[in-house]
Amino acid sequence: MPDQHQPDERALSALAARLRTARAVTVLTGAGVSAASGVPTFRGADGLWRNFSASDLATPEAFERDPHLVWEWYAWRRALMAACQPNAAHQVLASWTQRHERWRVITQNVDDLHLRAGTRDLVRLHGSIWKLRCWRDCGCAPWRDERASLPEVPPRCPQCGGLARPGVVWFGEALDPDDVAAAHRLTDCDVFVMAGTSAVVYPAAGFLHQAHSRGAFTVEMNVEATDATRVVDMAIHGPVEQTLAELDTRL
Ligand code: OAD
């Protein structure tokens, strides 16, 4: 009986062989990649959406209704993330992007841990929790605020004094078309990996299908089966930080 927590040796070796000859590799990451750093996932075991309602906290309507409640939730997550460090998954992926021109990462994560690990040319589909924007869009540029504890909740726009909002993409909002276009370009690759994502939120989940139809070898790395499992060419089940670290030693 295979150990559910150990990545499959044969799959790792086969994937390593493929990666050694691959020119373009794209890894799409989700909350599971940051789980070992202590950042809660949304739908995994103890995921945020098991205890909180997305429609109360992560939509423009929720913010319109109760900006204080939404900001309390974001302030709590910012404080939690500020104490987290990149883990082996972030580090391996960062080193891949530094070593190979066409090995790239697309992330749905808003925590900045890929950047802190040194990932080059990261495509961020859902924004950054450390970025703020004017809610009324007074014309000022988005700004960064990396303080673990915000002095004022909700924070204010430095230009017009109105409410600021988190610089993340909420449900019901469009993604930045430049980011979507960049991610679409990266689906033209030899190997496409879905790492630590439940693969249910679009358009991110759709990039797997694009990569597959463009001829990529597709891989899932997750602690459990997802909707992507029956679509991919290879599924490696186990903690992604362990899978990537073990894979890296075989390259
Ligand atoms: P989810 O929470 O939906 O999925 C995280 C996945 O990671 C789950 O399938 C877990 O099984 C898996 N997982 C947990 N720990 C892992 C580990 N150590 N190694 C491997 N896998 C692990 O997070 P996302 O797929 O990122 O969007 O969610 C996508 C989007 O939905 C998020 O960006 C967010 C959320 O609602 C918005 O807020 C707009």
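**Entry 1. Cavity**

The structure holds one cavity of 30 Å³ or more. For the term I used a 1 Å grid over the protein atoms alone: a cavity is a set of points where a 1.4 Å probe fits but cannot get out, a pocket is an open set with protein on both sides within 12 Å along at least five of seven lines, and lining residues have an atom within 4 Å of a point. Grid points are joined across faces, edges and corners, and a volume is the space filled by probe spheres set on the points.

This is a predicted model, in which local features need pLDDT of at least 70 and side-chain atom pairs count only at pLDDT 80 or more, while totals for chains, interfaces and linings use all residues. Residues are numbered from 1 along each chain as its sequence is written, and side-chain values use heavy atoms, with hydrogens and water left out.

I then listed the lining of the largest cavity: Val 25, Val 27, Leu 93, Trp 96, Thr 97, Trp 103, Arg 104 and Val 105. At least two of the lining residues come from each of β1 (25–29), α7 (88–99) and β2. Helices (H or I, at least four residues) and strands (E, at least two) are DSSP runs, numbered from the N terminus. By class I noted six nonpolar, one polar and one charged residues in this lining. Here Ala, Val, Leu, Ile, Met, Phe, Trp, Tyr, Cys and Pro count as nonpolar, Asp, Glu, Lys and Arg as charged, and the others, Gly among them, as polar.

**Entry 2. Pockets**

For the largest pocket I recorded a volume of about 990 Å³. Its lining has 47 residues, and Gly 30, Ala 31, Thr 41, Phe 42 and Arg 43 lie nearest the centre. I found that α2 (32–35), α3 (48–51), α6 (67–82) and α11 (240–249) each give at least two residues to this lining. The largest share, four residues, is that of α6. The lining of the largest pocket divides into 26 nonpolar, 15 polar and six charged residues.

The second largest pocket holds about 340 Å³ of space. I noted 18 lining residues, of which Gly 127, Lys 131, Gly 167, Asp 176 and Asp 179 are the closest to its centre. Two or more residues of the lining come from each of β4 (127–134) and β6 (164–168). With four residues, β4 has the largest share in the second largest pocket. I counted this lining by class as seven nonpolar, three polar and eight charged residues.

**Entry 3. Asn 109**

I looked up Asn 109 next, in the loop between β2 (103–107) and α8 (113–117). Asn 109 counts as buried at 7% relative accessibility; buried means under 20% relative accessible area, exposed over 50%, and partly exposed in between (1.4 Å probe, protein chains only).

A polar atom of the Asn 109 side chain lies 3.1 Å from the backbone nitrogen of Ala 31. I also listed contacts (heavy atoms within 4.5 Å): not counting residues up to four places away in sequence, Asn 109 touches Thr 29, Gly 30, Ala 31, Val 33, Ser 34, His 114, Arg 124 and Gly 127.

**Entry 4. Cysteines**

I searched the whole structure for disulfides and found zero; the term requires a pair of cysteine sulfur atoms within 2.5 Å. Cys 134 is in no disulfide, and the nearest cysteine sulfur, that of Cys 160, is 3.7 Å away. Cys 134 is buried, at 6% relative accessibility.

For Cys 138, the closest cysteine sulfur is in Cys 140 at 3.7 Å, which is too far for a bond. Cys 138 is partly exposed, with a relative accessible area of 32%.

**Entry 5. Backbone**

Most residues other than glycine have a negative phi, and most peptide bonds are trans. I therefore noted the following exceptions, starting from that rule.

- Val 153 and Pro 154 are joined by a cis peptide bond, with omega about 0 degrees; Pro 154 lies in the loop between β5 (143–144) and β6.
- Tyr 202 and Pro 203 are also joined by a cis peptide bond, with omega about 10 degrees; Pro 203 lies in the loop between β7 (191–195) and α10 (206–213).
- Asp 121, not a glycine, has a positive phi of about 50 degrees. I placed Asp 121 in the loop between α8 and β3 (123–124), and at 43% relative accessibility it counts as partly exposed.
- Ala 199 has a positive phi, near 60 degrees, in a residue other than glycine. I found Ala 199 in the loop between β7 and α10, buried with a relative accessible area of 10%.

Methods. A polar contact is a pair of N or O atoms within 3.5 Å; within protein, one must be able to donate a hydrogen and the other to accept it, and residues adjacent in sequence count only if both atoms are side-chain atoms.
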